[in-house]
Amino acid sequence: MASIRQNPSPDVLPDFRNLGVVARALVIVNLLALAAAFIAQPDAGRMLETAVLGAALLEPPLLASLALLYAIAPLLRRLAYWPACALIVALALAFAAATHAALGKVTEVGLARMLAYAAACAVLVLAYLTLHLRAYSPALAEARLQALQARIRPHFLFNSLNAVLALVRSDPRRAERTLEDLADLFRALMSDGRSLVRLADEISLIERYAAIEQLRLGERLRMSWDLDQAPMDALLPPLVLQPLLENAVYHGVEPGAGIGDVLVRIERRDDRVHALIENPWRKPGQGGRAGNHMALDNIRERLMLFFDAEARLESHIDGGRYRVEIDIPYRAGRA
Amino acid sequence: MNTQTADIGAELRVYIADDEAPARARLKELLGDIRGELASVVVGESGNGLEVIERLPESGAQVLLLDIQMPGMGGIELARHLGALENAPAIVFVTAHDRHAVEAFELNALDYLMKPVRAERLAAALKKAAAAGPVPRERLEGAAAGAREFFSVAERNRILLVPVAEVLFLKAELKYVTLRTKAGEHLIEEPLVSIEREFAERFVRVHRNCLVARSAIRGFERVAGGGDEEPHWSVVLDGLQERLPVSRRQWPSVKAVLPDAKGG
């Protein structure tokens, strides 16, 4: 899955390995069961009893269906939308029938009613998730992603061009390299931002960016890279790391007269990818620059569009250091 | 070669202030390129604002090329302090991209250059600045985005900076204002009224001739009076023995802005 919404018009199946999707399915089905119990037994005392019994019948097929869907998610992705939906409803029915065979005697619910409930739940959940996806995609999510496309500070562009001009006569080769780095950086910035990229590419991009900043700031910028444990084949939205590094330099290094240490650490922790970017914290007004968290909000929203509830972005100030941490699911791929 | 320079034979003494070494190198290169049109000599260069304050006075610079985004001190504040020098330099501001600063420059008729700087523009700006001389104080004040971080005391040909945060009170006497810090006293030549306006959040007026740092007020004391002195309130300050009288006119507003302070 190189792009989140690679099929612009036909409906796509929800990703059953996504935590947000699984959580939504659980909540919807349980709410439906409560509503059904309320309709069947408006009397509060008996309603509870009905709901508990209902739950005993409901949870096993629901959990089993979700577990199986999680397992066969890659297979489902290869099916077209309608056959996949039919398969999912059939699964729900099969699990419901099995549950009824095992527990049906305990309750007074007939097999037909049980199957009708299961079918209704499966169809409603699929309909809701499809509508939810449609609300975020294709056109809306893509427009949103394009609007959220990271923008580099003009301040950086003009200062970099100025630095290159200073090199043209004294060190033409370094000037050439810097222009090449700038070109790569702007190619990435002007790409459409809707496809996932490999971590290796994103890392090479921020290394180019850091090389330009190094030229401008000289020894004032001291970069440390901790990338030994970085999963180079992990997929992530483009330009998630570069704006964070840009922020680190803009807020943490440029306003200071002394040396500013910036750390980039990326590592894999089980099935998660964890990135940390750290810079000196400077209080606004005391040399620090006022920020408005635009870049952070922007990245957070883009991560959400790609990973839903499974991505995290947090920032905190700790011992004179400003830290931004990103945590996303590890998905390997060749973008 | 064109030899028609502003001062025939004399080289324009230029000081370069920019925190990026390549940017300073570039300006020097350009000054070399325009040598035929305008002969100049670089008499100093600095990468941060405080160093400019320290070194520029003895360099004898006539024009300062000043990047507005530098660590240590912002460009406009720096320019305001340099204005206190006897031989204040003319200033040409340089910026890569700062919409707000450029608006302020335009509004207050200040000369500026955009990075990357072109040789022709640099030559024109230097000639204009050298002819016009130091920037009038009002224009710099107009372009300032906020209150300064320092007061500057001009001492013959050097500038002493006193952090605003260290000032406990200011007292106007004749044409001077006395700054009082824990360490000592300094005289500055600025009207108390404009200081009161610029630092409204930090200082409160307790008397016609006196502003006190809100954070330094520990409390108030009632002075009984006697002789020809009327009874009045006076301010008790953190770490100073000296008491400052509060005028009857200022008392209600002083009391109101310091709800925690107790009369006693």
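User: What makes domain 1 of chain B and domain 2 of chain B count as being in contact, and how many residues are involved?

Analyst: This is a predicted model, in which local features need pLDDT of at least 70 and side-chain atom pairs count only at pLDDT 80 or more, while totals for chains, interfaces and linings use all residues. Residues are numbered from 1 along each chain as its sequence is written, and chains are lettered from A and ligands numbered from 1 in the order in which they are written. Two residues are in contact if their C-beta atoms, placed from the backbone, lie within 7 Å. Seven residues of domain 1 of chain B meet that criterion with seven residues of domain 2 of chain B. On the domain 1 side, helix α2 (residues 49-59) of chain B gives the most, three residues. That side of domain 1 of chain B holds four nonpolar, one polar and two charged residues; Ala, Val, Leu, Ile, Met, Phe, Trp, Tyr, Cys and Pro count as nonpolar, Asp, Glu, Lys and Arg as charged, and the others, Gly among them, as polar.

User: How do you know where the domains of chain B lie?

Analyst: Domain bounds come from an automatic or database domain assignment. For chain B the assignment gives domain 1 as 12-143 and domain 2 as 150-257. Their centres, taken over C-alpha atoms, are separated by 35 Å.

User: Which domains does chain A have, and how many residues join them?

Analyst: Chain A is divided into domain 1 (19-137) and domain 2 (149-329). Four residues of domain 1 of chain A are in contact with four residues of domain 2 of chain A. Helix α1 (residues 19-40) of chain A supplies the largest share of the domain 1 side, three residues. The C-alpha centres of the two domains of chain A lie 45 Å apart.

User: Why is helix α3 of chain B called mostly covered?

Analyst: A residue is buried if 20 or more other C-beta atoms lie within 10 Å of its own, exposed if 12 or fewer, and partly exposed in between, with C-beta atoms placed from the backbone. In helix α3 (residues 75-82) of chain B, eight of its eight residues are buried, so the helix is described as mostly covered. Among the buried residues are I76(B), L78(B) and L82(B). The covering elements include α2, β3 (63-67) and β4 (90-95) of chain B.

User: What makes β2 and β5 of chain B edge strands?

Analyst: Two strands pair if DSSP finds at least two bridges between them; strands are DSSP runs of E, at least two residues, and helices are runs of H or I, at least four, numbered from the N terminus. The open sheet of five strands in chain B has the order β2-β1-β3-β4-β5, with parallel pairing. β2 (40-46) and β5 (112-114) of chain B each pair on one side only, so they are its edge strands. A17(B) has S46(B) of β2(B) as its bridge partner.

User: How do you know how confident the predictor is about chain A?

Analyst: The pLDDT is the predictor's confidence in each residue, from 0 to 100. Chain A averages 85, and 89% of its residues score at least 70. Over residues 1-8 of chain A the pLDDT is below 50.
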